[in-house]
Amino acid sequence: MALDLVNTVWREHGAKVDQFDDLDGVRAWLSDHDMDGAMDHVMDGGDAGARLEAVRDRLVRAREAVRDTLEGRGSAGLNDVLAHGSVRPLMRDGEPYELVVVDEPAWRPAWTAAAAFVRMMAERPSRVRPCAHPECILWFLDVSKNGSRRWCSMESCGNRAKAGRFSRRHKTTA
């Protein structure tokens, strides 16, 4: 989820594209991460558009904080996002569960993504990598058996790199 949040900004034909530039992109991201239903209480009452903009603003802050941490610019922003919530362990019908508590409902998606990032970094920090394609700004979790994945996607960046190498080889031999 955290890398999906970071990857809501990408390059397309040399220009940056931001999925959160419009609220439909925010809704889609929330839906993709099963948070659209959990956001009903945020959207109830008042101006639903303004409330969704508040969620977007917090998601953008979390996205920038995670990217800053990944790119070695420090984790102060990430800790600021995480300060807006916590997990409360509880029991229900003899079964353990965790309740996410945030100081404002609009923080729930951003906090959840930031907390997922911390868990991921605690479990597999060496497997979190940037795409090796020089023009790509996406990140991925390498779940390959030998840990040798280099591209965010073999279908896009991997194939572009292969095509570029092929083209360079054939230009030098021609």
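Predicted model: local features only at pLDDT ≥ 70, side-chain atom pairs only at ≥ 80, totals over all residues.
A search of the whole structure identifies eight salt bridges. One of the pairs consists of Arg63 and Asp18, whose closest N and O atoms are 2.8 Å apart. Arg63 belongs to helix 4 (residues 48-70) and Asp18 to strand 2 (residues 15-18), so this contact ties together parts that are 45 residues apart in sequence. Arg63 has a relative accessible area of 7% and is therefore buried, the limit for this class being under 20%.

A second salt bridge, formed by the side chains of Asp24 and Arg27, has an N to O distance of 2.8 Å. Both residues are located in helix 2, with a spacing of three residues, or about one turn of the helix. Asp24 is classed as exposed because its relative accessibility is 53%, exposure being assigned over 50%. Arg27, at 43% relative accessibility, is classed as partly exposed.

Arg127 and Asp142 also form a salt bridge, in which the closest N and O atoms are separated by 3.9 Å. This pair links distant parts of the chain, 15 residues apart: Arg127 is in the loop between helix 6 (108-123) and strand 5 (128-130), and Asp142 is in the loop between strand 6 (139-141) and helix 7 (154-173). Arg127 counts as buried, with a relative accessibility of 15%, and Asp142 likewise counts as buried, with a value of 0%.

On the surface, a patch of negative charge is formed by Asp4, Asp32, Asp34 and Asp36. Within this group, Asp36 is situated in the loop between helix 2 (23-32) and helix 3 (40-43). The relative accessible area of Asp36 is 41%, so this residue is partly exposed. Membership of such a patch requires over 30% relative accessible area and no salt bridge.

Turning to the strands, strand 3 (residues 85-92) and strand 4 (residues 95-102) run antiparallel and are joined by eight bridges. Within this pairing, Pro89 has Glu98 in strand 4 as its bridge partner. The two strands form a hairpin with two residues between them. Asp93, located in the turn, adopts a positive phi of about 50 degrees. In a regular strand, side chains alternate between the two faces of the sheet.

Conventions:
Residues numbered from 1 in each chain as written. Heavy atoms only, no water. Patch = residues over 30% accessible without salt bridge, like charges linked within 9 Å, V, L, I, M, F, W, Y side chains within 5 Å. Areas by Shrake-Rupley, 256 points an atom, 1.4 Å probe, with all protein chains shown as cover. Salt bridge = Lys/Arg side-chain N within 4 Å of Asp/Glu carboxyl O. Lys, Arg positive; Asp, Glu negative; His and termini not counted. Charge placed at Lys NZ, Arg CZ, Asp CG, Glu CD. Helix = DSSP H or I, 4+ residues; strand = E, 2+ residues; numbered from the N terminus. Buried < 20%, exposed > 50% of the residue type's maximum accessible area, 1.4 Å probe, protein only. Pairing = 2+ DSSP bridges.
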